[in-house]
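Here's a quick walk through one protein model, from its domains down to a few backbone details. Have a look at it first.

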Amino acid sequence: MDFSQFNVNALMEITSRPELVFVRGQGSWLEDHNGKRYLDFVQGWAVNTLGHCAPEMRRALIDQSEKLMNPSPAFYNQPSIDLATRLTGASCFDRVFFANSGAEANEGAIKLARKWGQVHRDGAYKIITMDHGFHGRTLATMSASGKPGWDKMFAPQVEGFPKATLNDLDSVRALIDDKTVAIMLEPVQGEAGVFPATKEFMQGLRKLADEHRMLLIVDEVQTGMGRTGTMFAYQQFDVVPDIMTLAKGIGGGVPLAALLARQEVCVFAYGDQGGTYNGNPLMAAVGVAVYDTLTSPGFMETLAARTRQLSEGLLALSAKWGMKGERGMGLLRALLLDRDDGPAIVDAARNLPEGLLLNAPRANLLRFMPALNVTEAEVTRMLEQLDTVIAAVRK
Ligand SMILES: *Cc1c(COP(=O)(O)O)cnc(C)c1O
């Protein structure tokens, strides 16, 4: 079937898309309208924790859809209770508010911190965020993000998000005044190009927050739910944050997000926070299935083995092609190119007879975010294909 037979003109143009329509997915593989197969190392941007159309998720969707889809957030439902209990049991947080996207969860975190500032800090409202950070595409989360150019894009910004430099504690300290209520960051900056915070920095932020009676907010929309090798990335830094947000991996591909907070911080009054779909049982049931798979025996050990394989394989490619190494945490990794041919590699990889889906968040860098249950053979295949593509692009 020819692409021109699809009439795509009714869709709003918000990005440049390749001329292909995906019709099917299974695990780490996607299939387009011509039946061509693609090995997917993007997975909806680190979303599909268990790959495409995971049987555990399909089972949960079918079972829950036969029972109850939407009683409304004004009433309790079992799957949201089950998922909240699992998340609080696995973390330092006491309570969960479910949302539908990372941006919405982060909006909730910002509101919660500002409310806490009103209740406990005499109206302090400023939240220090990081240059190059990414927190979403609503007005407040774009203002909290540190993407170059975003400060002017939909001016005026939501005010109160001074920007510090990741891993530079002095740059944070210099921004603190009596109106500063919180510090918010990604433990690993994902969209910026996979830049992990250092342990010293994270622990330094916790200390600063304690000294100045501020909250520490971790945006784990990309890093949470096993992506970095532990259930939550903050656990590898030996810090206890006050607020955390989750999205992407928590739903494994369905729209689900969460705002978690410690009890002392839960200051919302009735009516302060809500949303039509929050905690709807259909999505929450999928979240439970994803969570239970992540915590099933051997899952995280296998993930650790795949992480080592991917990391070593990328290092070997880097050495072979004179690149600048690799970095990351768990299965959120980047290959650092020695030149700006990332987009060319991404295009050539997709156009291979057996396609390979990669992502270049910066021109000199490739990001890898496979399903957490990617197999050894699939990682091997990806590395072989990548080598082929680099050779073709650089010949
Ligand atoms: C993707 C992402 C978001 C935004 O999530 P959406 O579901 O697209 O709104 C926020 N923060 C981080 C760290 C992300 O990676």
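This is a predicted model: local features need pLDDT of at least 70, side-chain atom pairs count only at pLDDT 80 or more; totals for chains, interfaces and linings use all residues.

Residues are numbered from 1 along each chain as its sequence is written, and side-chain values use heavy atoms, with hydrogens and water left out.

**Confidence.** pLDDT is the predictor's own confidence in each residue, running from 0 to 100. Here the mean is 97, and 100% of the residues reach 70 or more. Among the elements (DSSP runs numbered from the N terminus, with helices being H or I of at least four residues and strands E of at least two), these two mark the ends of the range:

| Element | Residues | Mean pLDDT |
|---|---|---|
| helix 6 | 150-153 | 92, the lowest |
| strand 11 | 243-246 | 99, the highest |

**Two domains.** The domain assignment gives domain 1 (55-295) and domain 2 (300-333); such bounds come from an automatic or database assignment. Their C-alpha centres sit 27 Å apart. Domain 1 puts 17 residues into the contact and domain 2 puts in nine, contact meaning heavy atoms within 4.5 Å.

How much area do domain 1 and domain 2 bury between them? About 1100 Å², with 69% of it on carbon and sulfur atoms. Buried area is the accessible area (1.4 Å probe) that two parts lose on being put together, summed over both. By class, the side of domain 1 that touches domain 2 has eight nonpolar, eight polar and one charged residues. In that scheme Ala, Val, Leu, Ile, Met, Phe, Trp, Tyr, Cys and Pro are nonpolar, Asp, Glu, Lys and Arg are charged, and the others, Gly among them, are polar.

**Charge pairs.** Between domain 1 and domain 2 the salt bridge count is zero, though the structure holds 22 salt bridges. The term means a side-chain nitrogen of Lys or Arg within 4 Å of a carboxyl oxygen of Asp or Glu. One of them joins Asp210 and Arg206 at 2.9 Å, N to O. Both residues belong to helix 8 (residues 199-211), four residues apart, or about one turn of the helix.

Most residues other than glycine have a negative phi, and most peptide bonds are trans. The bond from Ala155 to Pro156 is cis, with omega near 0°, and Pro156 lies in the loop between helix 6 and strand 6 (163-164). Asn167, not a glycine, has a positive phi of about 65°; Asn167 is in the loop between strand 6 and helix 7 (169-173).
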